[in-house]
Amino acid sequence: MADTKSFRFLHTMIRVVDLDKSIDFYTRHLGMKLLRKKDFPSGEFTLAFLGYGDEEDHTVIELTHNWGQKEPYEQGNAFGHLALGVPDIYATCAELEKEGVNIPRKPGPMQHGSTVIAFIDDPDGYKIELIERG
């Protein structure tokens with residue numbers, strides 16, 4: 001068995017149709033930074049890594065853009081959501097709503113608990129759970 005003490009969660013990858021639109025969403029609306037972006041012409045795809053800090057110390061999101069993809073991806077029923085902690089969920093959602101971000105689950109306490117959550121959609125329809133953290 002490997003020594004798992006040195007293991008670290010690096011990133012989560014999602015496929016996106018419009019890379020520029022997705023980068024704008026994650027940077028402008030969610031405050032992430034574009035950490036690196038690289039084209040792979042022989043494979044006809046681009047990878048963009050975004051997050052809140054350096055990849056050495058933080059888990060990030062990898063956006064994969066396959067150049068020929070024009071139709072939305074099927075998200076299936078296995079993927080759930082990404083989750084972000086925010087300090088003021090009501091103010092965050094009000095600002096996102098002004099910017100036209102879809103909020104299918106408005107902020108409020110969980111049905112079976114007291115944690116305040118909301119869900120937003122990214123440009124490709126991926127669910128992002130916002131969790132209020134004081």
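Guide: Start with α1. L19, S22, I23, F25, Y26 and H29 are its buried residues. Keep in mind that this is a predicted model.

Visitor: What makes a residue such as L19 "buried" in α1?

Guide: The cut-off is under 20% relative accessible area. L19 is listed as buried in α1, along with S22, I23, F25, Y26 and H29. Across the protein chain, buried residues make up 34% of the 134 residues.

Visitor: What happens at the start of α1?

Guide: A side-chain oxygen of D18 reaches to within 3.3 Å of the backbone nitrogen of D20. A polar contact needs N or O atoms within 3.5 Å, so this pair qualifies.

Visitor: And what follows α1?

Guide: G31 does, and its phi is positive, near 75°.

Visitor: Now α2. Which of its residues are buried?

Guide: I89, C93 and L96, within a helix that runs over residues 89-98.

Visitor: What do the buried residues of α2 pack against?

Guide: Their partners are α1 (19-29), β5 (82-86), β6 (105-109), β7 (116-121) and β8 (127-132). Here the test for a contact is heavy atoms within 4.5 Å.

Visitor: Why is D88 called a cap of α2?

Guide: A side-chain oxygen of D88 lies 3.2 Å from the backbone nitrogen of Y90. The limit for a polar contact is 3.5 Å, so the pair counts, and D88 caps the N-terminal end of α2. Beyond α2 comes G100, with a positive phi near 90°.

Visitor: Which non-glycine residue has a positive phi?

Guide: E44, at about 55°. E44 is placed in the loop between β2 (33-40) and β3.

Visitor: How many helices and strands does the protein chain have?

Guide: Two helices and eight strands. Along the sequence the pattern reads β-α-β-β-β-β-α-β-β-β. The C-alpha atoms fill a box of roughly 50 × 45 × 30 Å along the principal axes. Of the contacts with a separation of 6 or more, 50% join residues 24 or more positions apart.

Visitor: What classes of residue make up the lining of the largest pocket?

Guide: Twelve are nonpolar, three polar and none charged.

Visitor: What makes a space a cavity and not a pocket?

Guide: In a cavity a 1.4 Å probe fits but cannot get out, whereas a pocket is open. The structure holds one cavity of 30 Å³ or more. The largest cavity has a volume of about 40 Å³, so it passes that 30 Å³ threshold.

Visitor: Which residues line the largest cavity?

Guide: R15, P72, Y73, Q75, D124 and Y126. By class, this lining has three nonpolar, one polar and two charged residues.

Technical notes
Residues are numbered from 1 along each chain as its sequence is written. This is a predicted model: local features need pLDDT of at least 70, side-chain atom pairs count only at pLDDT 80 or more; totals for chains, interfaces and linings use all residues. Side-chain values use heavy atoms; hydrogens and water are left out. Buried means under 20% relative accessible area, exposed over 50%, partly exposed in between (1.4 Å probe, protein chains only). Helices (H or I, at least four residues) and strands (E, at least two) are DSSP runs, numbered from the N terminus. A polar contact is a pair of N or O atoms within 3.5 Å; within protein, one must be able to donate a hydrogen and the other to accept it, and residues adjacent in sequence count only if both atoms are side-chain atoms. On a 1 Å grid over the protein atoms alone, a cavity is a set of points where a 1.4 Å probe fits but cannot get out, and a pocket is an open set with protein on both sides within 12 Å along at least five of seven lines; lining residues have an atom within 4 Å of a point. Ala, Val, Leu, Ile, Met, Phe, Trp, Tyr, Cys and Pro count as nonpolar, Asp, Glu, Lys and Arg as charged, and the others, Gly among them, as polar.
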